[in-house]
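Please open the structure in your viewer and keep the sequence at hand. The stops below are meant to be selected one after another.

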Amino acid sequence: CVGRGQGFHPIAGINNIYCDQEGRALIQNAGPTCTQMTEETSVATDACAYLNVDLVKQLAAHADGVRLEDRGTADSVDDGAIQALLTDSNWHATPTQWNAEATGIGIWCFTTTCAPLQASTWPNMYHSCGQPLCTHWLNDVNTVPRRSTLINTDTSRTWLRMLPCECTQSDTNQFDVDRDCELSEQEVNAWLTFL
């Protein structure tokens with residue numbers, strides 16, 4: 001998604017990944033009327049859906065962070081969030097530090113006072129058990145990922161902060177495409193002209 005415009009693009013060998021203009025790939029979206037998300041192979045900004053776990057892993061292998069969005073943002077500041085996605089874990093089992101900024105009522109908090117049994121693996125990543133004012137990043141009956149269970153969600157989203165692509169040319173003028181590079185024929189011709 002780095003260097004791509006806002007919209008759907010092929011990323012890391014996956015078609016129709018929604019990118020913002022900040023180099024992030026959308027893997028979950030839940031609007032205000034969404035009560036339970038469905039698993040999909042592509043997620044749009046008006047969807048009530050989360051990306052299939054295998055596709056999330058494929059994207060996460062080319063990412064260096066996670067952004068949570070719900071009346072503000074929380075950005076992972078270490079590799080714990082990505083490691084949890086890659087290893088079928090959650091953000092309790094693979095501790096993650098967050099840099100959060102809230103808007104409106106409440107704050108972002110990642111706190112538990114009981115066993116977070118609802119957190120398992122994608123998309124059930126964090127359960128602030130016993131703390132209804134804190135983060136519940138879950139997809140369960142009548143709940144979607146959100147900053148607090150007591151405050152209505154406008155729209156919650158999970159983004160992966162993608163790494164820049166690495167494209168190299170081999171001795172045979174064939175391109176080796178790594179990370180999130182998917183070159184169009186026009187882009188390949190531009191590279192060949194440049195070289």
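Start by selecting Pro-145, which sits in the loop between β10 (136-137) and β11. Strands here are DSSP runs of E with at least two residues, helices are runs of H or I with at least four residues, and both are numbered from the N terminus. This is a predicted model, in which local features need pLDDT of at least 70 and side-chain atom pairs count only at pLDDT 80 or more, while totals for chains, interfaces and linings use all residues. Residues are numbered from 1 along each chain as its sequence is written, and side-chain values use heavy atoms, with hydrogens and water left out.

Is Pro-145 buried or exposed? Pro-145 is buried, with a relative accessible area of 0%. Buried means under 20% relative accessible area, exposed means over 50%, and partly exposed is in between (1.4 Å probe, protein chains only).

Next, show the surroundings of Pro-145. Leaving aside residues up to four places away in sequence, Pro-145 touches Gln-28, Met-37, His-136, Trp-137, Leu-138, Thr-153 and Ser-156; contact means heavy atoms within 4.5 Å.

Now move to the salt bridges (a side-chain nitrogen of Lys or Arg within 4 Å of a carboxyl oxygen of Asp or Glu). The model has 6 salt bridges by this rule. Select Asp-64 and Arg-161, a pair whose closest N and O atoms are 3.0 Å apart. Asp-64 is partly exposed at 38% relative accessible area, and Arg-161 is partly exposed at 26%.

Go on to Arg-67 and Asp-75, whose side chains form a salt bridge at 2.8 Å, N to O. Arg-67 is buried, with a relative accessible area of 18%, and Asp-75 is buried at 16%. Another salt bridge joins the side chains of Arg-71 and Asp-70 at 3.4 Å, N to O. Both Arg-71 and Asp-70 are buried.

Finish at helix α1. Which residues of α1 (residues 53-60) are buried? They are Leu-55, Val-56, Leu-59 and Ala-60. Viewed down the axis of α1, these buried residues fall within an arc of 135 degrees (taken from the directions from the helix axis to the C-beta atoms), so they line one face of the helix.
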